[in-house]
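Here is a quick tour of a protein model, written for someone who would rather look at side chains than read tables. Have the viewer open and follow along.

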Amino acid sequence: MTHSNGDDAMQKGSISLSGAVGMGTGVMIGAGIFALTGQIAQLAGSYFALSFVFGAIVTSFSAYTYVKMSNAWPSSGGIAMILQKAYGPGAIAAAASLLMALSMVISESLVARTFATYVLRPFEITSGPLVPILAVAVILFAFLVNVSGNRSVGLLSIVMAAIKIGGIALFGIVALWSGGFGFPEASNNADGFSITGFVASVALSILAFKGFTTITNSGGEITNPHRNVGLTIVISIAICVVIYLLVALAVGSNLSIDQIIAAKDYSLAEAAAPALGQFGFYFTVVLAAVATVSGVLASVFAVSRMLTMLTDMKMIPHRHFGMSGPILTHMLVYTVVLASLLAVFFDLSRIASLGVFFYLIMDMLVHWGVFRYLRQEIGANSAILLSAIAFDAIVLIAFTAMKLGSDPMIVLYAVVGITTVFVYERFFLSRWIAPNSEGDH
């Protein structure tokens, strides 16, 4: 079938390898370090740095599927393409694709709210209307940059990624040096630590790495995509592993676990104060602002493309609501509105939890679809695909168990949201799995 006004706005070869790495690390580092370090410490205790290592291992198994598929069929909206290739244009592919898109929108609101939390920290403002107002403002800024075209996004991503990675590495090295390379003191409630809690923390660590999926969603626009999409994913994950470990150890050597948990929404800024003084505190705040803005930029870019592809594939309905311009612009508007609503109504912890549920369910469906229908065609290793599913399932079960104890309502929201997506798509498309002959993407 033809790709109408969605693809007209997507220019092949308009994103370089370095630009794609900038976008991938932009989303990963924006969400992972600043928004999630404190939440991971709350679940993993003094072993929270190890949680990032396990998150990287699980992510590497997951990434295998996306690399193999992207090398075979690079495409803008790549995850929708993978699911459609596996399950055909039916409700399973559409619903899982929509879950991915929604988890990316959730990431936007998570990172935007983190931006607001850090920027307001010097003024001792931790709640109130200014947090959601600033979060929405940064989402609108990302919309305006995205509307101005790919090259603006690519260039800004490279510049911001360089500032951010260099700055965070500098923070990590100096803070680690001054803190004495030690692991954090155990919490006063050390007896509260559990294996389940640690495994559940890995779910949040995975969320910190999931930005690599934005690369598969922009595959059709990356130069030399059959080689560079997979290469970009590998490079981005490798950079993030090093940065995350460095920062986790730096935070842990300057704050006790109780202090990290108390400052969980702005733990890096808190850790910078004893290590680097007042300058370090403000330096970290500026760094967080740059990191989170670039994260929102890259996420808005990727999710709008994925939704455009789903519309072109007739897997989701589309309404113009009187708007002019291409479908891609409409999808940017829908993405920004939804992310803004989430940023207004949910706090950081709940936004992150919702993202975990949506992402892991989608991820398992991707691996199962490739294992069941495509592994021979792309030469994928069955053991790696099944291991990826098993790791996701173990982490999801542990995370659900922890949340049922601490915040059962967010589990209910997630179940209702996921069920609604699948039931709606089943009615819209009238079948779960469909033959692939209707349109090969």
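How does Phe428 count: buried, partly exposed or exposed? At 35% relative accessibility, Phe428 counts as partly exposed; buried means under 20% relative accessible area, exposed over 50%, and partly exposed in between, using a 1.4 Å probe and protein chains only.

## Ground rules

This is a predicted model, so local features need pLDDT of at least 70 and side-chain atom pairs count only at pLDDT 80 or more, while totals for chains, interfaces and linings use all residues. Residues are numbered from 1 along each chain as its sequence is written, and side-chain values use heavy atoms, with hydrogens and water left out.

## The overall fold

The protein chain has 16 helices and zero strands. Those are DSSP runs numbered from the N terminus: H or I with at least four residues for helices, E with at least two for strands. Of the chain's 441 residues, 60% count as buried.

Take the contacts (heavy atoms within 4.5 Å) between residues at least 6 apart in sequence: 84% of them join residues at least 24 apart. The accessible surface comes to about 16000 Å², with 68% of it belonging to carbon and sulfur atoms; areas come from the Shrake-Rupley method with a 1.4 Å probe, and for residues only the protein chains shown count as cover.

## Inside the core

The largest nonpolar core has 155 residues, and the members touching the most others are Phe34, Leu36, Phe48, Leu204, Phe212, Ile233 and Tyr244. Helix α12 (residues 267-312) gives the most to this core, with 24 residues. A core here is a set of buried Ala, Val, Leu, Ile, Met, Phe, Trp, Tyr and Cys residues joined through side-chain atoms within 4.5 Å.

Thr114 is a polar residue to look up in helix α5 (residues 91-120). Thr114 counts as buried because its relative accessibility is 0%. Leaving aside residues up to four places away in sequence, Thr114 touches Phe34, Ala35, Thr292 and Leu348.

## Aromatic rings

There are twelve aromatic pairs in the structure. Rings of Phe, Tyr and Trp (its six-membered ring) pair if their centres lie within 6.5 Å; planes under 30 degrees apart are stacked, over 60 edge-to-face, and the rest tilted. Phe281 and Tyr282 have ring centres 5.4 Å apart and planes at 80°, so that pair is edge-to-face. Phe281 is buried at 9% relative accessibility, whereas Tyr282 is partly exposed at 41%.

Back to Phe428: its ring and that of Tyr424 have centres 6.3 Å apart and planes at 5°, so they are stacked. The two sit four residues apart in helix α16, which means about one helical turn separates them. Tyr424 is partly exposed, at 41%. Elsewhere, Phe52, Phe209 and Tyr244 form one aromatic cluster.

## Charges and loops

Lys85 lies over the face of Trp73, 4.2 Å from the ring centre, and the charged end of Arg375 sits over the ring of Phe371, 4.4 Å from its centre. The test is NZ of Lys or CZ of Arg within 6 Å of the ring centre and within 35 degrees of the ring normal.

Asp407 is in the loop between α15 (382-406) and α16 (408-429), and counts as buried at 16% relative accessibility. Asn224, in the loop between α9 (213-216) and α10 (225-254), has a positive phi of about 45° although it is not a glycine.
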